[in-house]
Amino acid sequence: MSSWKVIALINDQIEAVSGRDAQDRPGVHEEVVWQGNAADKGEALQSAEKADPRVDLEWMRLRYERNLSIR
């Protein structure tokens, strides 16, 4: 488990960051949607989905990419 931040960017994009990338976040034009411990990016997005409906789109994209890599 590691510490994650799910951040909403100024252009309404959602980004999940961990480790060094998360230390100086959020920036001036960003806001933290969710922050906590998660096993991976998918789990962090899944946890944040309850806090902000925009996260659902990013989570769906991640699931789709995972499905493609299985094939």
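Contact here means heavy atoms within 4.5 Å.

Some ground rules before the tour. This is a predicted model, where local features need pLDDT of at least 70 and side-chain atom pairs count only at pLDDT 80 or more, while totals for chains, interfaces and linings use all residues. Residues are numbered from 1 along each chain as its sequence is written, and side-chain values use heavy atoms, with hydrogens and water left out.

On confidence: pLDDT is the predictor's confidence in each residue, from 0 to 100. The protein chain averages 85, and 92% of the residues score at least 70. Where pLDDT is low, the predicted coordinates should not be read in detail.

Now the layout. Helices (H or I, at least four residues) and strands (E, at least two) are DSSP runs, numbered from the N terminus. The protein chain has three helices and three strands, and along the sequence they follow the pattern β-β-α-β-α-α. The radius of gyration (taken over C-alpha atoms) is 12 Å, close to the 11 Å that the globule rule (2.2 Å times the number of residues to the power 0.38) gives for 71 residues, so the chain is as compact as a globular protein of that length. Its C-alpha trace spans about 40 × 25 × 20 Å along the principal axes.

The three strands form an open sheet in the order β2-β1-β3, with antiparallel pairing; two strands pair if DSSP finds at least two bridges between them. Because β2 and β3 stand at the edges with a single partner strand each, one side of each is left without a neighbour in the sheet. Neighbouring strands are turned by 20 degrees against each other on average, direction ignored. Axes are lines fitted to C-alpha atoms, for helices over the stretch in contact, and angles run from 0 to 180 degrees between N-to-C directions. Helix α2 (residues 41–48) packs on this sheet and touches β1, β2 and β3, its direction making about 125 degrees with that of β3.

Zooming in, β1 (residues 2–8) is joined to β2 (residues 14–18) by five bridges, with Ala8 opposite Ile14. The hairpin of β1 and β2 has five residues between the strands, and Asp12 there takes a positive phi near 70 degrees. On its pairing with β3, β1 has seven bridges, and Lys5 has Gln35 as its bridge partner.

Another backbone detail is the cis peptide bond from Arg25 to Pro26, with omega near 5 degrees. Pro26 sits in the loop between α1 (20–23) and β3. For context, most residues other than glycine have a negative phi, and most peptide bonds are trans.

The structure holds two:

| Salt bridge | Closest N and O atoms |
|---|---|
| Arg25 and Glu15 | 3.3 Å |
| Arg25 and Glu30 | 2.9 Å |

Together, Glu15, Arg25 and Glu30 are linked in a network. How exposed are they? Buried means under 20% relative accessible area, exposed over 50%, and partly exposed in between (1.4 Å probe, protein chains only). Arg25 counts as buried at 18%, whereas Glu15 is partly exposed at 28% and Glu30 is partly exposed at 22%. Across the chain, buried residues make up 32% of the 71 residues.

Conventions: Salt bridge = Lys/Arg side-chain N within 4 Å of Asp/Glu carboxyl O.
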